[in-house]
Amino acid sequence: SDPSFYVKGSRTDVTSFARALGREKKYLDALAKHGLDNPQTFNDKKKLDLAIKNFEGATKLKWPFK
């Protein structure tokens with residue numbers, strides 16, 4: 001099906017956005033499934049933080065943006 005939105009930008013910007021969004025979903029899923037004190041949740045949070053750092057460095061936008 002057709003997406004209800006489009007993301008435009010350089011390949012680096014769009015890739016870093018997609019990674020950060022995907023990592024945020026994985027973290028929230030782990031949080032809901034395992035809780036805050038689980039090692040998997042901590043690991044997913046570290047990966048999310050790195051993806052956010054890369055996004056902010058590539059786009060000069062603060063995550064989450066409005």
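## Salt bridges in a predicted model

Lys25 is exposed, at a relative accessible area of 51%. Exposed means over 50%, buried under 20%, and partly exposed in between (1.4 Å probe, protein chains only). This is a predicted model, where local features need pLDDT of at least 70, side-chain atom pairs count only at pLDDT 80 or more, and totals for chains, interfaces and linings use all residues. Residues are numbered from 1 along each chain as its sequence is written, and side-chain values use heavy atoms, with hydrogens and water left out.

Side chains of opposite charge can pair when their charged atoms come close. A salt bridge here is a side-chain nitrogen of Lys or Arg within 4 Å of a carboxyl oxygen of Asp or Glu. The count by this rule is 3.

| Salt bridge | N to O distance |
|---|---|
| Lys25 and Asp29 | 2.6 Å |
| Lys45 and Asp49 | 2.9 Å |
| Lys62 and Glu56 | 3.9 Å |

Take helix H1 (residues 11–34). Lys25 and Asp29 both lie in it, 4 residues apart, about one turn of the helix. Helices (H or I, at least four residues) and strands (E, at least two) are DSSP runs, numbered from the N terminus. Asp29 is partly exposed, at 40% relative accessibility.

Helix H2 (residues 39–59) holds both Lys45 and Asp49, 4 residues apart, about one turn of the helix. Lys45 is partly exposed, with a relative accessible area of 33%. Asp49 is also partly exposed, at 37%.

Lys62 pairs with Glu56. Lys62 is exposed at 61% relative accessibility. Glu56 is partly exposed at 23%.
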